[in-house]
Amino acid sequence: MRFGLSIPNAGDPAELVDLAVTAEQAGWDGFFLWDHVQLDSKTRPPMQDPWVLLGAMAVRTNTMLLGTMVTPVPRRRPWKLAREINTLDHLSGGRVVVGVGLGVPAEDEYAAFGEPAQARTHAAILDEAMPVLDGFLRGDRVDHDGEHFHVHAHLNPGALQRPRPPIWVAAMLPRKRGVARASRWDGIFALHADTGPLTAPMVADLVAEMKPREGYDIVTMLGSGNRVDELADAGATWVLDGPSGPHEPFAEVRRTVEAGPPTI
């Protein structure tokens with residue numbers, strides 16, 4: 001079992017970078033930022049660019065894994081995203097984990113900028129983008145002509161990690177399409193529409209359904225009442241902790257980080 005932090009990309013950027021340094025010193029295994037542009041058009045929290053923050057964190061830390069949890073690939077051009085990931089992977093010495101998903105809330109993150117807000121459209125774009133992103137992360141030439149992307153390019157360099165950084169795919173249970181999508185990659189970041197974090201029985205059911213290969217990551221959030229030993233016994237390989245949103249006081253978030261990961 002490994003333990004990470006899931007932190008909103010909101011607040012003072014210097015404080016967020018310092019928080020990552022504190023997390024590594026406290027023994028956390030991974031530090032993952034949300035990837036929102038606006039998040040809430042009514043309360044308008046101060047959103048920061050996660051990739052700029054991760055670059056700063058990469059040069060201030062040494063061992064902790066870094067990434068976004070998750071980046072909405074349908075609002076990105078996969079070649080630009082690949083360039084950001086590959087640069088971060090080199091800058092961090094090969095410590096990047098790539099978290100991908102559809103992105104919510106659709107109205108504030110897509111429609112507000114004139115982009116389609118339909119989840120079906122986002123899913124189609126994500127599924128088409130992933131092989132393109134995969135090829136560029138590997139350093140391969142990509143020749144692709146599809147409904148949403150036309151790509152004929154060979155980016156240099158690829159990622160530092162070989163064959164590429166691990167890709168975790170977000171899935172909202174009990175829907176099955178995200179699980180099927182995640183099974184094609186290196187891990188699943190699973191939540192449940194009713195409970196948010198998975199309970200240990202939910203993790204066990206997911207593992208039984210997916211029958212993950214060796215090295216595949218089963219990732220969920222730490223919920224109230226969840227025991228990490230039960231989650232580990234059920235098959236979870238990563239448990240993430242963090243605030244429910246940018247409204248939680250930063251001092252409380254820092255105390256959680258300073259306390260270090262839970263013990264099994």
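Visitor: How many residues apart do Arg 138 and Asp 134 lie in helix 5?
Guide: This is a predicted model in which local features need pLDDT of at least 70 and side-chain atom pairs pLDDT 80 or more, while totals for chains, interfaces and linings use all residues. Residues are numbered from 1 along each chain as its sequence is written, and side-chain values use heavy atoms, without hydrogens and water. Helices (DSSP runs of H or I, at least four residues) and strands (E, at least two) are numbered from the N terminus. In helix 5, Arg 138 and Asp 134 are about one turn of the helix apart, which is four residues.

Visitor: What is the N to O distance in the salt bridge of Arg 138 and Asp 134?
Guide: A salt bridge puts a side-chain nitrogen of Lys or Arg within 4 Å of a carboxyl oxygen of Asp or Glu. The side chains of Arg 138 and Asp 134 meet in this way, with N and O at 2.9 Å.

Visitor: Which residues are linked with Asp 134 and Arg 138 in a network of salt bridges?
Guide: The count for the model comes to 17 salt bridges. The network that holds Asp 134 and Arg 138 also takes in Arg 164, Asp 186 and Arg 213.

Visitor: Where does Arg 75, the salt bridge partner of Glu 109, lie?
Guide: The closest N and O atoms of Glu 109 and Arg 75 are 3.5 Å apart. The pair joins distant parts of the chain, 34 residues apart, with Glu 109 in helix 4 (residues 106-109) and Arg 75 in the loop between strand 3 and helix 3.

Visitor: Is Glu 109 buried or exposed?
Guide: The relative accessible area of Glu 109 is 2%.

Visitor: Which helix holds Glu 209, the partner of Lys 176?
Guide: Lys 176 and Glu 209 form a salt bridge with their closest N and O atoms 3.2 Å apart. Lys 176 is in the loop between strand 7 and helix 6, and 33 residues away Glu 209 is in helix 7.

Visitor: How far apart are the end C-alpha atoms of helix 3?
Guide: The expected span of a helix is 1.5 Å times one less than its number of residues. Helix 3 (residues 78-91) has 14 residues, so it should span 20 Å. The end C-alpha atoms agree, at 20 Å.

Terms used. Buried < 20%, exposed > 50% of the residue type's maximum accessible area, 1.4 Å probe, protein only.
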